[in-house]
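Here is a friendly walk through a few helices. Please keep the structure open beside you as you read.

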Amino acid sequence: MRKFLVVLDDSRECLNAMRFAAMRAAHTGGGVAILSVIAPEEFNHWIGVGDLMRQEARERIEAHFEVFAKWMRDKQGIDPELVIREGEAATEIIAHVQDDPEIGVLVLGAASNKKGPGPLVTQLTRNAGTLPVPITIVPGDLSKERLEAIT
Amino acid sequence: MQIYLPIAEVSVNAFLLLGLGGIVGILSGMFGVGGGFLMTPLLFFIGIPPAVAVATEANQIVASSFSGVLAHFRRKTVDLRMGTVLLIGGLIGAAIGVVIFNYLKSQGQVDLLVKLCYVVFLGVIGAMMFVESLRAIRQTRRGALPARKKHGWVHRLPFKMRFRTSGLYISVIPPMIVGVFVGILAAIMGVGGGFIMVPAMIYLLGMPTKVVVGTSLFQIIFVTAFTTLLHATTNFTVDIALAVLLLVGGVVGAQFGAMLGTRLRAEQLRILLAIMVLAVCGKLALDLLLTPSELYSIASGAGGGH
């Protein structure tokens, strides 16, 4: 099954990417994979502290994911899968696209403020030419109705 | 190139100091430790009087923590309210520490106190780190972690306060005590105290790990700045020349260390750090216990006369 890969983080623009991926997948009979990347934790000289940090990050992501997953199941009939990786966001996204052959499209949200589209879009578009899948960039300002109309 | 340090009253090689700053900078960048508790004993070894080493090192920590806390502010991972409570405790602790420091200095015992403190703390911390990393290497994947957020004695104390960023509603007494303790350490040992404060904040106060590092850095900056100020005005033991040389080395080293640290994430590295801490501790302990090669020494004016 062809899957849309969408990135979950704390940004506002990932919301629209999530919506777009779910709607698009529902309309075209695909699936959705949600990827969240835990940044390499501040190295702490106590391993116990580091482990706890990672565990808490995981719990936060799972709680966050459940919110979106519920919406997708109820409204779009899509059952998304959650993937958690650790490392630098851009590197891990590319690594996951390469690891999972079922992923057909990478969906990113672009921020609408003056500072540019956000770090992920900037980094990933730079090597967009060598990725194994196309990237779809969803403007963070698109309204829900507009999204529904174009998917 | 020998330079004379006006406050420490010793001549040392400027490149040696730059190199020391660089090495400790690399270590702190790699391991994320403040570096204070490695730098200060190294300064003892090259002949800087402990009183000067402590006061100057506190100075350097201010500078090296500053860029760290800025990054955390940007990510909104600083609990300002909790930081302020810790800070109030820290300032009280620093004042107490400086009073103790000055009293012992007038008795001529401050060098012994500082070194003894270092032997004890480096020994305990080094041993704990060593055991922890050994255990981690032996079994890479452990079972369930201990349950968190239990309602213990911390929740039964009065003067409760709401800490929104941390999602806590606890008494201000435990964070205050943690702050005081860290403040005393900062004043006597010239360390930021993050290696004690971070676990205390997580296990004792139950703060979420996300805000712990930023909040501790926030407290450390102000407490060490205050300590430096106190040492500078009451003891005159802050050596600017020394601090600048260490800083230059430290800043460059930290950049390299941070780069190395993102590449290597091996558990073995931590054992290395633990062994280093223990080695420094052992050398300090030997110096204290063995009969010195010069039985009598002339105490200098700034180093604390009898």
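Where is the kink in H3(B) centred? The kink, of about 30°, is centred on Ser65(B), where the bend at a residue is the angle between axes fitted to the seven residues ending there and the seven starting there. Just past H3(B), Lys76(B) has a positive phi of about 55°.

A word on conventions: this is a predicted model, in which local features need pLDDT of at least 70 and side-chain atom pairs count only at pLDDT 80 or more, while totals for chains, interfaces and linings use all residues. Residues are numbered from 1 along each chain as its sequence is written, with chains lettered from A and ligands numbered from 1 in the order in which they are written.

Helices (H or I, at least four residues) and strands (E, at least two) are DSSP runs, numbered from the N terminus. The expected span is 1.5 Å times one less than the number of residues.

| Helix | Residues | End-to-end C-alpha distance | Expected span |
|---|---|---|---|
| H3(B) | 50-74 | 37 Å | 36 Å |

In H1(A), 11 of the 15 residues are buried, meaning that 20 or more other C-beta atoms lie within 10 Å of a residue's own, with C-beta atoms placed from the backbone (12 or fewer is exposed, in between partly exposed). Among the buried residues are Phe20(A) and Arg24(A). After H1(A) comes Gly29(A), with a positive phi near 70°.

Finally, the axes of H7(B) and H8(B) come within 10 Å and cross at roughly 140°.

Conventions: Axes are lines fitted to C-alpha atoms, for helices over the stretch in contact, and angles run from 0 to 180 degrees between N-to-C directions.
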